[in-house]
Structures are given as structure tokens and as C-alpha cells.
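Please open the model in your viewer and keep the selection tool at hand. The stops below are given in the order in which they can be selected.

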Amino acid sequence: MKGPRVNVLTIGDIGVLGGIIHIGDEAMFEAAADELSARGGRVVGVSSAPDESAARYGVDAVGRLGFVGLDREAARERAAMLRAAAAGEIRLAEGDPARGALDALDDASGVLIAGGGNLASRWPVHVYERTTLAVMARARGLPVVVSGQTFGPDLDDEDAERVAAMTRDAAWTGVREHDSAALARGWGARVHDGVDDASFLAGSDDAPAEPYVLVSLSGWFAGRSADVVEAGIARLLDAAADTVGPVVFHAHFGPVAAGAEPMGDAALHERVRERMTRESSVLPSGDSRGAAAIARRARLLVTSRY
């Protein structure tokens, strides 16, 4: 006899807007959806582009919670309002962007905060979205699981307390590196320290016909001069091309399709390519499984990403 259907409302940084994809976060969401589906679960995703995500993954999807563009004071007020709505104390307006997520909680068995490196004060919208969705779930008596996270490195006192409360209330908190594990344990969370959820994404790891160097860079240089860093990376990649093989750039945050205007990480890649003396090529960001295959087949990976 089969048990009841498990519906998991899952939030990740997913949804292609303007032709730009955040491939690592999409991969973590997709891995979570695969694992839940394999165990008989039904995933409902929270997405920046619900129709696009629903078609991409074959799941139901709802919109984000309405924190984009809000200042801190407005975000605090909205978080309190959404908790009250989830608890049945108030009713959201019909056109409120969080109505989809609130309605999805009616049929949910629990909430999953899917993997990511976005719980930091440099991205307060993600902190408010994830912690508020967790509070909404708890107001309904639903369990919350946090998966494959990085906390920080920058968390101001207010954000740290929000994230700490989320992890303490969670049934389980998974992290992808040791510093986050230590931080969450210090908060009193039940912690599993593992690896990035995207590691579990199925994909080919066949050896390539020709060895190549794969490059995926982030524009975060920790305050160092962009000119110095980009020039240094270009010299490194010239040497790698001579030693290993052709250099291929693949943006973690960039255009889905070939031939699109370079944006996000792809714009940084173009600046580095211009400084190189060896030839290089570009692959579009594409999709998660394709990205996994490209990474696994490379002879050498040069990255400032996970």
C-alpha cells in the first residue's frame, strides 16, 4: 500500500529572465527535484520565471515572494505580513506576488530551501525570501529542511539572526563546506556537512576526444584590482593552453544561448579573453546537465566558482 503523496515546496535561485541563467543554482534545484521525485515526492518550485521553470523541469512552479526591490524596512514589514497571512491572521490581496507560494503551502508536506551560496548580506533579498518562506511553513506546522547551503561570508547581525533562527527551527540543515557547518552548529542547528548538491546531478563524465581547459569565473575579487586580477588570469590561461590544451569559457551566470550579448560572468570572460595571447572559445551556459558534462570532461578546471 502506497503512502500519502509528499508535496515539497522548494525554493532555489531559478528562472531564466532576459535569456540569462544561474546555472549552478539551477543545477542544485534540479538535483533536489530528481532526488525527491525518485522517492515519490512532488516538487513545486519557487521561481523568478514560473512558466519557464515548470517547462524546464516538468514541475509546478509559483512566483517569488515579492521582496525584490524593497529596502530593509519594507522587507521587514513584508516578512511580518507574510507570516501573518500564513498563520491565517490576515488575507493577502488577490494580486499579491506571494499568493502562489501561500496557496502552495495548503497542499505542501514540507518546505525545502534548496542549495546555494546566496544567504549573505550582500544579497538581502535572498535572505528575506528564504527565511520568510521558512517562517510561513512553520506557521502552518510544516517541516523545513535546508540543503547544501553556504552561510555568509558576510552576515550582519540582523541577517545572521534571521538565518540562525531558520536553521534552528529546521528539521535538518545541510551545508556544503566546513565554515558554514561550524557557524550553523554555533547557532544550535542540526547540521550535516556534505558537498554541493549539484554534485549529485546525473550527467555524462565520458572522457573528451581532446583535452581542454574549462574556465568559469566570478566577478567577485575580494576588493582586489579588476585590472590586475584579469591580467593575471589571462597569463595563467595562456600557460594552461600551452600545457594542457584549448581553453573554453563557460559562464556560471550568463546567456543560455550561443551568440547572445555577453552578460554576467560572460562579460568578465570576454575581458579576460581580450588579454590572452592564445586562442580561446566560448560555450553558452546552456542547461545544468550539459554544464555538468562539460565540467566532468575537462582535463583542467580554472574557476572562482564552486
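**Stop one: a stacked pair**

Begin by selecting F67, which is buried at a relative accessible area of 3%, where buried means under 20% relative accessible area, exposed over 50% and partly exposed in between, with a 1.4 Å probe and protein chains only. This is a predicted model, in which local features need pLDDT of at least 70 and side-chain atom pairs count only at pLDDT 80 or more, while totals for chains, interfaces and linings use all residues. Residues are numbered from 1 along each chain as its sequence is written, and side-chain values use heavy atoms, with hydrogens and water left out.

Rings of Phe, Tyr and Trp (its six-membered ring) pair if their centres lie within 6.5 Å, and planes under 30 degrees apart count as stacked, over 60 as edge-to-face and the rest as tilted. The ring centres of F67 and Y128 are 5.7 Å apart with planes at 25 degrees, so the pair is stacked. F67 lies in the loop between β4 (60-63) and α3 (72-86) and Y128 in helix α5, so the pair ties together parts that are 61 residues apart in sequence; helices (H or I, at least four residues) and strands (E, at least two) are DSSP runs, numbered from the N terminus.

The structure holds 3 aromatic pairs. Another one to select is F29 with Y57, a tilted pair at 5.2 Å centre to centre and 50 degrees between the planes. Here F29 belongs to helix α1 (residues 23-38) and Y57 to helix α2 (residues 50-57), so the pair ties together parts that are 28 residues apart in sequence. Both F29 and Y57 are buried.

**Stop three: the cores**

Next, select L9, L65, V111 and F151, which touch the most other members among the 42 residues of the largest nonpolar core, a core being a set of buried Ala, Val, Leu, Ile, Met, Phe, Trp, Tyr and Cys residues joined through side-chain atoms within 4.5 Å. Helix α5 (residues 124-139) gives the most to this core, with 6 residues. A second, separate core of 16 residues includes V213, L217, A240 and F249.

**Stop four: a charge over rings**

Finally, select R122, whose charged end sits over the ring of W220, 4.0 Å from its centre, and also over the ring of W123, 5.4 Å from its centre; the criterion is NZ of Lys or CZ of Arg within 6 Å of the ring centre and within 35 degrees of the ring normal.
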